[in-house]
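Let's take a friendly walk through a protein model together. Have a look at the sequence and the 3D view first, and then read on.

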Amino acid sequence: MGITDTAKWRAVYNDGTFLYELDPSGGKPNSFGDIDFDRIVAFEIVNEKDIAVCRVNLGNGKRLIFTRRNQMVTGQLFNTEGGGRVPIPMKHHSRIIILGWQKTVNGVNTKAIFYLLADGRIEMDDEWKTDAVHYRVNTPGLLPEPELIPTKIVDKKKPQEKVYSGSNDSAFKNKK
Amino acid sequence: MTATVAVYVETGINASPVAVDTTNIQDAPPNIRFKTADDPTIDTNNPIPIPASGTKRSFWKHIFLKAVSGTFLKIDTIKFFTNGPGFGTGITVFIGLETPVRNSGSTAGYDQATGTVGDDGDEMVAGTPNHDFISDKDDAFVDFTPSTPKTVTISEQDSEINAIGETSNYIVAQMDVDSTAGPGDLDNEIWTFQYDEI
């Protein structure tokens with residue numbers, strides 16, 4: 001089990017209180033949908049010792065980016081050296097935590113994105129990519145969504161792969 | 001706190017197809033086997049013959065994701081990709097271009113695989129009969145890599161999985177074998193399904 005399997009989130013409110021995904025002192029678990037986005041000032045990822053290992057400061061028009069990106073693998077690799085077929089140990093489920101913010105500045109959607117990978121590495125970027133790991137996240141927006149402007153189509157054969165800019169992703173989803 | 005999602009394979013007649021969690025088919029991988037029969041069983045029955053010329057095919061398979069337990073707000077952004085290199089010379093696995101409708105209330109996009117059991121499956125795109133909802137196909141090991149994943153759509157409300165029992169749409173897969181293929185039980189290949197969850 002890596003940190004991406006055990007880490008939980010907590011929302012930090014403007015009165016200094018927290019809403020925990022899983023309160024360390026007990027109590028019922030909370031859903032992401034329970035967060036009061038009118039009061040949130042920061043969003044944190046906490047480890048098993050309740051220490052915040054990542055923090056996103058919000059406010060000033062920033063919209064939260066957050067998801068747990070899961071990969072499920074089917075099949076099995078084998079080592080066939082020596083004529084045998086020995087299963088190679090492999091993890092059939094892994095998880096990436098994607099965290100950050102986006103903000104529209106002068107009509108341009110700017111972003112700060114952290115990828116907390118299953119092996120503990122952290123990547124940071126300022127734009128989505130089209131590969132599986134770094135693909136756009138559809139986090140519910142914290143603010144009204146700007147106008148959607150289609151910019152290009154990646155592959156005409158796969159029209160669902162349209163890429164948009166100047167939007168957050170809830171708007172993108174509604175346009176598909 | 002998080003969802004448990006399983007990969008399902010669905011087979012059987014159009015009126016009442018049967019979905020099986022691939023991890024329940026047998027204790028260890030492989031979880032999916034291409035064969036010339038419409039069943040999910042992992043066995044050596046009904047292999048795909050190597051033709052003297054032309055192509056022999058498996059029966060096509062309907063595959064989808066289903067949320068089976070856990071607490072979550074929503075699941076979306078489902079991607080499918082392979083890590084290559086594929087099954088080797090003379091063998092191609094195709095994925096249908098469309099992702100036909102499958103949700104917690106409907107199997108409307110299902111079309112039972114047909115062909116001659118033990119010999120050849122009908123082609124999922126060209127010819128008659130074919131899959132009613134597939135118009136074209138891509139090579140799973142060439143076209144769908146981590147850099148170019150396939151989007152698997154969702155036809156639940158709001159295009160999201162947000163309750164236990166809800167599913168993705170189908171991907172439809174079929175193996176083609178031509179005369180240059182080698183005989184025997186092939187080594188397994190790895191497929192990855194990816195989804196976002198909050």
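## Two loop residues

A handy idea to begin with is burial: a residue is buried if 20 or more other C-beta atoms lie within 10 Å of its own, exposed if 12 or fewer, and partly exposed in between, with C-beta atoms placed from the backbone. By that rule, A:Asp50 is partly exposed because it has 13 other C-beta atoms within 10 Å. A:Asp50 sits in the loop between strand S3 (40-46) and strand S4 (52-57) of chain A. Although A:Asp50 is not a glycine, its phi is positive, at about 65 degrees.

A:Asn106 has a positive phi too, of about 55 degrees, and is not a glycine either. Its place is the loop between strand S8 (93-105) and strand S9 (108-116) of chain A. Is A:Asn106 buried or exposed? A:Asn106 counts as exposed because it has 5 C-beta neighbours inside 10 Å.

## How to read the model

This is a predicted model, in which local features need pLDDT of at least 70 and side-chain atom pairs count only at pLDDT 80 or more, while totals for chains, interfaces and linings use all residues. Residues are numbered from 1 along each chain as its sequence is written, and chains are lettered from A and ligands numbered from 1 in the order in which they are written.

Strands (E, at least two residues) and helices (H or I, at least four) are DSSP runs, numbered from the N terminus.

## A sheet in chain A

Strands of a sheet pair through backbone hydrogen bonds, either parallel or antiparallel. Two strands count as paired if DSSP finds at least two bridges between them. In chain A, an open sheet of 4 strands runs in the order S2-S1-S3-S4, with antiparallel pairing. Strand S2 (18-20) and S4 of chain A are the edge strands, each pairing on one side only.

Within chain A, strand S1 (residues 8-13) and S3(A) are antiparallel partners over 6 bridges. Which residue in S3(A) is the bridge partner of A:Tyr13? That partner is A:Ile40.

## Where the chains meet

Residues are in contact if their C-beta atoms, placed from the backbone, lie within 7 Å. The contact draws 29 residues from chain A and 34 residues from chain B. On the side of chain B that touches chain A, S12(B) gives the largest share, 7 residues.

Strand pairing also links the chains: strand S5 (residues 63-74) of chain A and S12(B) pair in the antiparallel sense over 7 bridges. Here A:Met72 stands opposite B:Phe193 in S12(B).

Terms used
Contact = placed C-beta atoms within 7 Å.
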